[in-house]
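Let's take a friendly walk through this structure together, one chain and one contact at a time. Keep the viewer open as you read.

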Amino acid sequence: MIRAASLLRASLASALLVVFAFLLFGPLANLALWSVAERWYTPYKLPVVYGTRYWEQVFRPTGDAMASLGTSIWIAILTVLIALALSVPAGYALGRLKLPMRALFMIVFLLPQAFPSVAIYINVARIFYHLGINGTVLGVVLVHAAHGLVYSVWIAAAAFAAVDKDLELAARNIGASALRTFFTVTLPLAAPGIIASGIFVFLESLDEFTGTFFVGVPQVITLPLLLYNAAMGGNYQVASITALILLVPSVLFMLFIERFLRADVLAKVGS
Amino acid sequence: MRILTIACSLAALTAASPVYAQTLNVASAGDQNMVDYVKDYLGPLFEKSHPGVKVVSVGTGPGDAGSQKIYEKLDAQKGAGASDFDVVVIHQKAAGTMVKEGLLAKYTDKVDTAKLVSSETAKNALGSDVSGYVMPMFQSQTALAYNADMLKSPPNNFVELKEWVNKNPKQFGYNGIKGGMSGVAFVAGWVYAFGGDAGKLIAGPYDAAEKARWDKAFAELKDFNKNVVITPGNAGTLDMLNRGEIAMGPVWVDMFYSWQADGKLPPNMKLKLAAPGMPGQPMYYAVPEKSAQQKLASEFIALATSPQVQADGIVKKFNWYPGIDAKNLEGKLDKAAWDKLFTDITPTDLAANAKPFPIAPYFNDILEGYEKKVAN
Amino acid sequence: MSLSQRQLALLLIAPGLALVAALFLYPLCFSLISAFTDPDGGFSLQAFAKAYELYSGDIFFTVVIVVTSCALTALVAVAIAGTLTLGENPWIVGTLRALYRWPLFIPFIVAAQCMRTFLAKNGLMNNTFVSLGLMEPLQAVSYLDWRGIIATFVWKQTPFVALLLAGALAALDRATLEAGRNLGASRLRVLIELALPQVLPTLLVALVLSFVTMLSVLSVPMMVAGSQPTMLTVDMAFRINAYGDYATANALGVITYLISAGAAILYLRHGMTKETAS
């Protein structure tokens, strides 16, 4: 009896898993299908003609998918550098030091994510015009960094908070300076969390569309912008191919994220 | 901080790329096909005749929104030394505003092909005098696309359309007014049909009291909307037609033909221009006042409006109606390519039912009235 | 030591704050001023009146979408994280662990493009159901409206919430949970009564982040659903793109800000109860 019941449960769970997998991967499979559909119209349930015509179109010499991909990655790397340069000290202050109005400061970093970015970016674009950095990589990087800072600061704060205080004390006791203790003990221990925060920022930057749209166009065309133009222009094949290119880094990082984000750090995020 | 400095200098490095002697920046408002037109067809053609020149084609997005973006860019760079764009491709509404605010340069007297254009749209953009500042790139038209398998006799006018939608709920789709111009054109057509005097809306003069007369039309449109599908964008309507999810919807004629040629629409789709008509519009080539490449820009436009390019590029490749007068294309184009433009919508239909958009103030009133009384 | 710890902390946090101030607070002031200013430059609520007149339906729509999406996301994420922590069949737990994170970093714009063709009336989902005989072709309906937006949001945000939640659950003291099981409580009861209360702060934070993210996404409502009703981000973009009407757009921005402030207050209140408790 008991065996039959547990068998039933296992098969029910498996069935749920199959449905889950379908809902998860169906949309992605759909993308792959569209990317090779040369002709596809009603009432056909599958493409009428398959082919790689649109792949050739995307990667054609005058096409800009590869250039956009390069721009996107380059911007993301610079964004990570800036965000980490700002968030490591800030995260240490929030995670380790006594800070007046700590909750308020945490909220301040959340604000760029909390306010609908559209309204902010228009005004940012106006300010950038005056500074002459509209339509430059630098302008886009700054916008992305401000946007991603909440992830890097919050996760860095959690990472620092998770570092065992006794280890630092021990280092201080044997005569290490505060700075030396930070660089030889605290920072290496917090490094996995900080790397994870860098990954978050990297992907936020790759993902970012609205800010680039207002601040980067027309000189800086990232992959999401390319995708948007193709999608709104109704070219689902080109949009799907661009989307597939964007998927590669996203999925790679997803597969490796738990290497860096340990459970004890995760438990402290935002607290 | 050192990282920041390095990052900044690296960023500055990437921003500067003086490989070509001259760069001509062409910004197009509109769907991706227009950006591709410059990138894949017109740009390389111009580079061939102007060695050392690099044409950079950028798109600022579909619909009036794309033009507004160009307007904002030029407006913000009013005080700057040179604008980012040398040639802009813009919609009618924005063209009027830009001319009024002095953002565009008068250039057509420097372009020989200007003589080939006699249409009213080259002088008047929704009530604004733009003569001298613009050349039409092409003319396009909205119409109702329908699936001829599901629907043998399409409605001849908006009253019949209303009845048909009542009998066939959720079989008609359009994209409202936020997702592109084909939905906007449909709403304008609705107001032409049920809101009184279309001629007055098109020719002006503006009378602020006029909009009060559209209340009934908007109330009816709100009822009508209960039985239609609201699609995401110009392309969304075509996509739903393609997937058999709706049987009829307003589309741009050029996009319709391009999609059909690409195999993205069933072969049995047809077009119908219902009375009293729906709007069409040209796209304009214009040169920003602050462009550092004025001469090169007018040479580019001269090429773009030459009869051969209009025949091969505009008509044959991209299914638009030519921007210059049709008689100049004689002999440049085989008859089949020309006739293809008029398969479903004959020149007679066009003459009777192809309307311009209303003049700008009425246009804005219609859009706002729609948001207030129909969408909300 | 001339610097007190507080001063040092403030010094370290200053550069980050400066960036946020320059690229967020400063433009925010711009937008607030424009929302509360009439065309003549005086103070006015005119823009808000117009925003309400044109978009009251969309304000309601946005709140419903975001709240529903968050609730569904929480539900699915708890189910996933709970299974991962308390599941007993290693094969199922392993498969789920390998699966659930896939959408984690997929950009919203990619998710929108996927869903746009997946959820359509004759999209892959309905077609699959029809082919499997689960559904008659005539029963197929399009989900490309509010349901599509919610589906996309839940699809994209669930892995994020589940990841944080699973991490927090894994860090819990196993002994208490085991004790609960040994006392005969079902796994569902252990999850709801023993485990969840302890990880509620993490769940709350993840949901607050998801909430504001959903409120700021432009691409999904634009690409997945038609334009009426739609979410406030689309309305804002439209006000600016079609009319250059910054006042009304910024008024809508302020309204969205108030909505997300509601979520932030939840977080703050939680922070305060914790501080008084400790």
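Predicted model: local features only at pLDDT ≥ 70, side-chain atom pairs only at ≥ 80, totals over all residues.

Chain C has 278 residues, and 53% of them count as buried. How much of the contact set joins residues 24 or more positions apart? Among the contacts in chain C with a separation of 6 or more, such pairs account for 74%.

An unreviewed UniProt entry places the feature "transmembrane region" at residues 59-86, 98-119, 160-177, 198-226 and 246-268 of chain C. Two of these spans can be followed in the model. Residues 59-86 of chain C are 100% helix and 0% strand, with end C-alpha atoms 40 Å apart. Residues 246-268 of chain C are likewise 100% helix and 0% strand, and there the end C-alpha atoms lie 31 Å apart. The unreviewed UniProt entry also gives "domain: ABC transmembrane type-1" at residues 59-267 of chain C. Across residues 59-267 the chain is 77% helix and 0% strand, and the end C-alpha atoms are 23 Å apart.

Next, turn to the partners of chain C. The contact between chain A and chain C takes 78 residues from chain A and 73 residues from chain C. On the chain A side, helix α1 (residues 2-35) gives the largest share, 13 residues. By class, the side of chain A that touches chain C has 61 nonpolar, 13 polar and 4 charged residues.

Chain C also meets chain B, with 23 residues of chain C in contact with 19 residues of chain B. On the chain C side, α2 (46-86), α9 (219-224) and α10 (232-243) each give two or more residues. The largest share, 5 residues, comes from α2(C). The side of chain C that touches chain B divides into 11 nonpolar, 10 polar and 2 charged residues.

That brings us to chain B itself, which is divided into domain 1 (2-139 + 281-340) and domain 2 (140-280 + 345-375). The centres of the two domains of chain B, taken over C-alpha atoms, are 28 Å apart. Their contact takes 18 residues from domain 1 and 17 residues from domain 2. On the domain 1 side, α3 (63-76), α4 (92-100) and β7 of chain B each supply at least two residues. Which of the elements gives the most to that side? It is α4(B), with 3 residues. The domain 1 side holds 6 nonpolar, 9 polar and 3 charged residues.

Our last stop is helix α12 (residues 307-317) of chain B, where B:Val309, B:Gln310, B:Ala311, B:Gly313, B:Ile314 and B:Val315 are buried. The buried residues of α12(B) pack against α2 (32-49), β7 (135-147), α11 (294-304), β13 (321-322) and α13 (335-340) of chain B. After α12(B) comes B:Asn319, whose phi is positive, near 60°.

Technical notes. Residues numbered from 1 in each chain as written. Chains lettered and ligands numbered in written order. Buried ≥ 20, exposed ≤ 12 C-beta atoms within 10 Å, placed from the backbone. Contact = placed C-beta atoms within 7 Å. Helix = DSSP H or I, 4+ residues; strand = E, 2+ residues; numbered from the N terminus. UniProt positions renumbered as here; feature names shortened; annotations may be inferred. Domains from an automatic or database assignment. Nonpolar A, V, L, I, M, F, W, Y, C, P; charged D, E, K, R; others polar.
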